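The sequence and the structure come first.

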2 protein chains.
Amino acid sequence: MHPAPNSGLAERVLAGDNRAIARAMSLVEDETAEGAALIGQIYARTGHAYLVGITGAPGAGKSTLVDRLTAEIRQSGQTIGIIAVDPTSPFTGGAILGDRVRMGAHFQDAGVFIRSMATRGHLGGLARATSDLALILDAAGKDLVMVETVGVGQDEVDIVRTADISVVVLVPGAGDDVQAIKAGIMEIADIYVVNKADREGADRMVQSIAANLSLQTFAPADWRPPILKTEATTGAGIGELWAAVGRFREHTKDRRMARQRARQEVRLRDLLSHQFMDYVEHTLPPGEFQRTIEAVAQRRLDPYAAAADLLTKVIGSPRAAGTH
Amino acid sequence: MHPAPNSGLAERVLAGDNRAIARAMSLVEDETAEGAALIGQIYARTGHAYLVGITGAPGAGKSTLVDRLTAEIRQSGQTIGIIAVDPTSPFTGGAILGDRVRMGAHFQDAGVFIRSMATRGHLGGLARATSDLALILDAAGKDLVMVETVGVGQDEVDIVRTADISVVVLVPGAGDDVQAIKAGIMEIADIYVVNKADREGADRMVQSIAANLSLQTFAPADWRPPILKTEATTGAGIGELWAAVGRFREHTKDRRMARQRARQEVRLRDLLSHQFMDYVEHTLPPGEFQRTIEAVAQRRLDPYAAAADLLTKVIGSPRAAGTH
């Protein structure tokens, strides 16, 4: 299906070679056929790593929290891969700069691999690339993969929602408590962290999360998300956070497969629709797509009818018309 | 092509009937066939409204800014539709509550229509629904449609990027300047607004945006994004903001069609892949999709190969299929 890649690369990824990991990640991020083939080669060796999603608004202190948590986890000897989903402008180059700065703390530690990723240019690309990066780190033998996202967008929420555990980081501040609780991430949290807990309003924020939680119904056997206070800059509360991750992991070990299935479903739908769009571009007569866009832009054709027309042209079935 | 809808609804939307607008929006948000058919009926009557995208991090004061701007614009007699894309958790019900609160200021004004929208459950749904809501307001005769988003996620950025004008709202605050500039929205701004400009750090923030802008190259005829200071709570700077929108509109009037084409392309790709996924669900044998997910979750099949297999099953051999 895919061109034969450098098969040595997959072997080196599986052996945990950091340069090979970085190379594999670039192939996947650039959406190359080699990247897809590589995932195929390493996929059977994945499933070991525990996937931790960490999300929160910009400025919540997620990076510092992840760094502290990494130091904490490394004491237990586990190896860690970190993917920082950083919606950075292409022209600021912030992602690369950020990597260098952040690598500082763990640079000498071969047990930690950090990769920042900017948003991709099109819908779904971010979630797709993040999944593949996590698979590479998993195949490379990392015990734990942490994915850190700015948890406001749909893509980012999808990434975290399907991780093995979702940690939502909030921060007290002028009016931000309401905003954060409205940020669409309340229903995905397995653990709440109120970071910068030395700030005024931290206890009020804990109470407002608790009040929000009290609106939900939990069966006695359900996991009830704890609300933890941390100060990432001093390290206060980080040990408790790691302990809570462990408790959740133990509590849900029988249900991990269900979550993986949910993750695979999101992924499969996304890949399928992506491959279909590739197919469309190779199948439609040259200029057909642009002519259709032009007709829609000039109001000669409405967008739903235009999409149905194109679908019929590509797959040749009138049944595809209409949304059902 | 679509089931015959209540054709009276389209007429009432075109007549600017607020209850009909609200009903049409619900049909579209729920992704019904009636909603798609309605867009088809009204589409030829769209293209009049000027689409203003306003984005910024949570807590930047976008809602207050939009309210003030609305009051300013109403003085010129123009009618306004507002779509607040509010990534609110389904269980907090914040979007509806927010509508009621916000409608207060303009409740007596038939020239203003406000709709809040929570994030949808799947990739792309948010952008899709927002486009349709804007079309409905456009067809209903609004002169201006403002779309307000939390500008961190990919979907939200896509929404604003393809509007006729993109306004990025930033706010001075502890470390937030760097975060905001890193928030992936720098390259989409036609106008920068530093809101809450009475706060400490406002001038520093203006300078840091200006420094960032100075890294970009502008041809002499290019629009150079202005950086404006506002205090939405007092209304300071709102008149200047509205004037800047007018200058941009004048400056780019010859290029508006290109932007509309970009908007239609994003939309058409999204609709096409959405309709394809519907087609997949109606075409695959029952249980086939779930069996494939199971195989992937159990590592018997890698995700790329799984997607390619499903694509082949649905459309026949990708290589052999003709163009019609």
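Predicted model: local features only at pLDDT ≥ 70, side-chain atom pairs only at ≥ 80, totals over all residues.

Strands (E, at least two residues) and helices (H or I, at least four) are DSSP runs numbered from the N terminus. Leu170(B) has Val194(B) as its bridge partner in E6(B). E1(B) is joined to E5(B) by five bridges, again in parallel, and Thr55(B) is partnered by Val168(B).

E5(B) is mostly covered, with six of its six residues buried (under 20% relative accessible area; exposed is over 50%, partly exposed in between; 1.4 Å probe, protein chains only). Ile165(B), Val167(B) and Val169(B) point one way, while Ser166(B), Val168(B) and Leu170(B) point the other way.

## The whole sheet

The open sheet of chain B has seven strands in the order E3-E2-E4-E1-E5-E6-E7, with parallel pairing. Its edge strands, E3 (112–117) and E7 (227–229), each pair on one side only. Neighbouring strands are turned by 20° against each other on average, direction ignored.

## Helices on the sheet

Helix H4(B) (residues 62–74) touches E1, E2, E3, E4, E5 and E6 of chain B, and its direction makes about 170° with that of E4(B). Contact means heavy atoms within 4.5 Å. Axes are lines fitted to C-alpha atoms, for helices over the stretch in contact, and angles run from 0 to 180 degrees between N-to-C directions. Helix H10(B) (residues 238–251) lies across E1, E4, E5, E6 and E7 of chain B, at about 170° to E6(B).

## Basis of the values

Residues are numbered from 1 along each chain as its sequence is written, and chains are lettered from A and ligands numbered from 1 in the order in which they are written. Local features need pLDDT of at least 70, side-chain atom pairs count only at pLDDT 80 or more, and totals for chains, interfaces and linings use all residues, while side-chain values use heavy atoms, leaving out hydrogens and water.

Notes: Pairing = 2+ DSSP bridges.
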